[in-house]
Amino acid sequence: MIRTENLVFEYIRRDEEGNVEGITRAIDEVDLDVKPGQFIAILGHNGSGKSTLAKHFNALLYPTEGEVYVDGMNTEDDDHLWDIRQEAGMIFQNPDNQIIGQVVEEDVGFGPENMGVPTEEIWERVEESLKAVNMLSFRKSSPNHLSGGQKQRVSIAGVIAMHPKCIIMDEPTAMLDPNGRKDVIRAARALNSVEGITVILITHYMEEVIYADKVFVMDKGHIEMQGTPREIFAQVDRLKELKLGVPQVTLLAHELKKSGLDLPEVVLSREELVQELIRLRDRNGK
Ligand SMILES: Nc1ncnc2c1ncn2[C@@H]1O[C@H](COP(=O)(O)OP(=O)(O)O)[C@@H](O)[C@H]1O
Ligand SMILES: [Mg+2]
């Protein structure tokens, strides 16, 4: 679905005369391969290059060196710009900047309308997209009256209405309260598992990563680690060096194991820890 080959991106600062004042290498030789239907998470502390990388996935930025392919199309090929933007939709942090309509259904219909989709089909798409993010009952509402999490789900519906193959979400939950975060992540997981849409979730909330098929951890523009959530969260110390944590429950299980409890190397969820503790209790015959 998305492939980068030896991707390098440099931000170049210039003074008023146009002389180069400084260069920041935000992406440094990144090779990444996302297969159709995968749920991918990208982790990394602030400034590690996540957003810069994401902007290459729908041709908002172009490589300084190397190549980016979306569904086999080179992003530098201008003939494919609109195909790429339609196939790889983007969701940003702040839902307020992404909603333009005065009424929810109007906002969601805006994308397909711009694509020239016939009116009748637009309404079908609006309905199915709002359903997919569990927001259909708000179709006649004004976006101004929605919570942050609801607004973010409306922006996601707006992207889905364009029938993308892939959605890239750049810290979609950063500005939301815990409930809003849960709903948005639930919607993202449903798009992936029910609709088969490839999801690339950029986040710094460790708990949001545990559902991913694969996690990439970025640092200083590099991919520093990659693997399943279980493989990644087994490396508590390495993550600490990269200024990242692990989910709280994973840390707790890690501490319990260190103090002698016979627990697995990695525990990812509360349910899993409960099961493991019950197993220990039953084994001890109590
Ligand atoms: N518009 C910009 N101009 C110059 N440097 C930038 C710009 N945007 C980001 N950077 C720099 O590029 C690096 C990566 O930033 P970014 O991709 O935003 O990281 P992240 O999303 O992981 O926080 C940082 O050093 C940041 O300061
Ligand atoms: Mg960012």
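The dialogue below treats the domains, then the salt bridges, then two further side chains.

Reply: One caution comes before the rest: this is a predicted model.

Me: How is the chain divided, and which residues belong to domain 1 and domain 2?

Reply: The division rests on a domain assignment, automatic or from a database. Here the assignment places residues 2–229 in domain 1 and residues 247–286 in domain 2. Taken over C-alpha atoms, the centres of the two domains are 35 Å apart.

Me: How many residues of domain 1 and domain 2 are in contact, and what area is buried between them?

Reply: One reads such a boundary from contacts and from the accessible area lost when the two parts are put together. Four residues of domain 1 contact four residues of domain 2. About 340 Å² is buried between the domains, and carbon and sulfur atoms give 74% of this area. On the side of domain 1, Glu207, Ile210 and Pro229 lose the most area to domain 2, together 84% of what that side buries.

Me: Which polar links and residue classes are found between domain 1 and domain 2?

Reply: Between the two domains there are zero salt bridges, and one residue pair is in polar contact. By class, the side of domain 1 that touches domain 2 has three nonpolar residues, no polar residues and one charged residue.

Me: How many salt bridges does a search of the whole structure find?

Reply: The test is a distance: a side-chain nitrogen of Lys or Arg must lie within 4 Å of a carboxyl oxygen of Asp or Glu. The search of the whole structure finds 23 salt bridges. One of them pairs Arg3 with Glu5, with closest N and O atoms 2.3 Å apart.

Me: Why do Arg3 and Glu5 count as partly exposed?

Reply: The class follows from relative accessible area: under 20% is buried, over 50% is exposed, and values in between are partly exposed. Arg3 is partly exposed because its relative accessible area is 34%. Glu5 is likewise partly exposed, because its relative accessibility is 32%.

Me: Which distant parts of the chain does the pair of Arg139 and Glu105 link?

Reply: Arg139 forms a salt bridge with Glu105, the closest N and O atoms being 2.8 Å apart. Arg139 lies in the loop between α4 (119–132) and α5 (148–160), whereas Glu105 lies in helix α3 (residues 104–114), 34 residues apart. Both of these residues are buried.

Me: Where does Glu127 lie in its pair with Arg139?

Reply: Glu127 forms a salt bridge with Arg139, with closest N and O atoms 3.6 Å apart. Glu127 belongs to helix α4 and Arg139 to the loop between α4 and α5, 12 residues apart. Glu127 is partly exposed, because its relative accessibility is 32%. Elsewhere, salt bridges that share partners join Glu10, Arg25, Asp28 and Glu65 into one network.

Me: Is Lys151 buried or exposed, and which residues does Lys151 touch?

Reply: Lys151 is in helix α5 and is buried, because its relative accessible area is 14%. Beyond residues up to four places away in sequence, Lys151 touches Pro95, Asp96, Ile99, Pro143 and Leu146. With Asp96 the side chain of Lys151 makes a polar contact of 2.8 Å.

Me: Is Glu241 buried or exposed?

Reply: Glu241 is exposed, because its relative accessible area is 59%. Glu241 is in helix α8 (residues 236–241), and a polar contact of 2.9 Å joins its side chain to that of Arg238.

Technical notes:
Residues numbered from 1 in each chain as written. Chains lettered and ligands numbered in written order. Predicted model: local features only at pLDDT ≥ 70, side-chain atom pairs only at ≥ 80, totals over all residues. Heavy atoms only, no water. Contact = heavy atoms within 4.5 Å. Buried area = accessible area lost by both parts, 1.4 Å probe. Polar contact = N/O pair within 3.5 Å; in protein donor to acceptor, adjacent residues only side chain to side chain. Nonpolar A, V, L, I, M, F, W, Y, C, P; charged D, E, K, R; others polar. Buried < 20%, exposed > 50% of the residue type's maximum accessible area, 1.4 Å probe, protein only. Helix = DSSP H or I, 4+ residues; strand = E, 2+ residues; numbered from the N terminus.
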